Amino acid sequence: PKDVETELVLMFEVTNEGESYLLNHNVAEFVTGRGGNESTDDEEFEESNLMHGINGQLYANLRGLTAKAETKVRWYVLSLGTEVDLHSVHWHGHT
């Protein structure tokens with residue numbers, strides 16, 4: 001649109017790394033292969049593999065979103081997850 005200075009796209013998502021085809025390999029190499037005792041059926045283990053991200057970036061690694069003051073910004077916001085675990089959109093900091 002001609003009247004919009006900046007367009008920002010954000011996809012909030014929950015990725016279940018427990019569904020990775022590398023799960024059993026990684027547990028064998030990095031847990032049990034090093035003397036650990038981890039059960040992939042454990043509820044806490046399953047929860048620990050749910051990664052919340054924005055645009056594919058985890059743990060506050062999203063590059064800064066910038067827009068000029070006093071200009072119009074159009075936001076495209078999408079949130080993905082499951083009916084149980086959804087990464088809800090919410091803002092922190094100065095708005």
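Tutor: Helices (H or I, at least four residues) and strands (E, at least two) are DSSP runs, numbered from the N terminus. On that scheme, E38 lies in the loop between α1 and α2. Keep in mind that this is a predicted model.

Student: Is E38 buried, partly exposed or exposed?

Tutor: Partly exposed: the relative accessible area of E38 is 33%.

Student: Which residues form the negative surface patch?

Tutor: Seven names to look for: E38, D41, D42, E43, E44, E46 and E47. Together they form a negative surface patch.

Student: Now N37. Where is that?

Tutor: N37 is in the loop between α1 (23–30) and α2 (43–48). N37 counts as exposed, at 77% relative accessibility.

Student: How far apart are N37 and V27?

Tutor: C-alpha to C-alpha, 9.4 Å. In sequence, N37 and V27 are 10 residues apart.

Student: New topic. How many salt bridges are there?

Tutor: The count is 2 salt bridges. One joins D3 and K72, with the closest N and O atoms 3.5 Å apart.

Student: What does the D3 and K72 pair tie together?

Tutor: D3 is in the segment before β1 (6–16), while K72 is in the loop between β3 (57–58) and β4, so the pair ties together parts that are 69 residues apart in sequence. D3 itself is partly exposed, at 48% relative accessible area.

Student: And which side chain meets E5 in a salt bridge?

Tutor: K68 does, at 3.7 Å, N to O. E5 sits in the segment before β1 and K68 in the loop between β3 and β4, so this pair ties together parts that are 63 residues apart in sequence.

Student: Why do such side chains pair at all?

Tutor: Side chains of opposite charge can pair when their charged atoms come close.

Student: What about T6? Where is it found?

Tutor: T6 is in strand β1. T6 is buried, because its relative accessible area of 16% falls under the 20% cut-off.

Student: What does T6 touch?

Tutor: Leaving out residues up to four places away in sequence, T6 touches T66, A67, K72, V73 and R74. K72 is also the partner of D3 in a salt bridge.

Student: Backbone next. What is the phi of N55?

Tutor: Positive, about 50 degrees, although N55 is not a glycine. N55 is in the loop between β2 (50–54) and β3. N55 counts as partly exposed, at 32% relative accessibility.

Student: And the phi of E70?

Tutor: Also positive, about 65 degrees, and E70 is not a glycine. E70 lies in the loop between β3 and β4. E70 is exposed, with a relative accessible area of 83%.

Student: Last topic. Which residues make the nonpolar surface patch?

Tutor: L62, L65, W75, V77, V89 and W91. The patch comes to about 520 Å².

Student: Where in the chain is W91?

Tutor: W91 is in the segment after β4 (73–79).

Student: Is W91 buried, partly exposed or exposed?

Tutor: W91 is partly exposed, with a relative accessible area of 47%. That clears the patch rule, because patch residues need over 30% relative accessible area.

Conventions
Residues numbered from 1 in each chain as written. Predicted model: local features only at pLDDT ≥ 70, side-chain atom pairs only at ≥ 80, totals over all residues. Heavy atoms only, no water. Patch = residues over 30% accessible without salt bridge, like charges linked within 9 Å, V, L, I, M, F, W, Y side chains within 5 Å. Areas by Shrake-Rupley, 256 points an atom, 1.4 Å probe, with all protein chains shown as cover. Salt bridge = Lys/Arg side-chain N within 4 Å of Asp/Glu carboxyl O. Buried < 20%, exposed > 50% of the residue type's maximum accessible area, 1.4 Å probe, protein only. Contact = heavy atoms within 4.5 Å. Lys, Arg positive; Asp, Glu negative; His and termini not counted. Charge placed at Lys NZ, Arg CZ, Asp CG, Glu CD.
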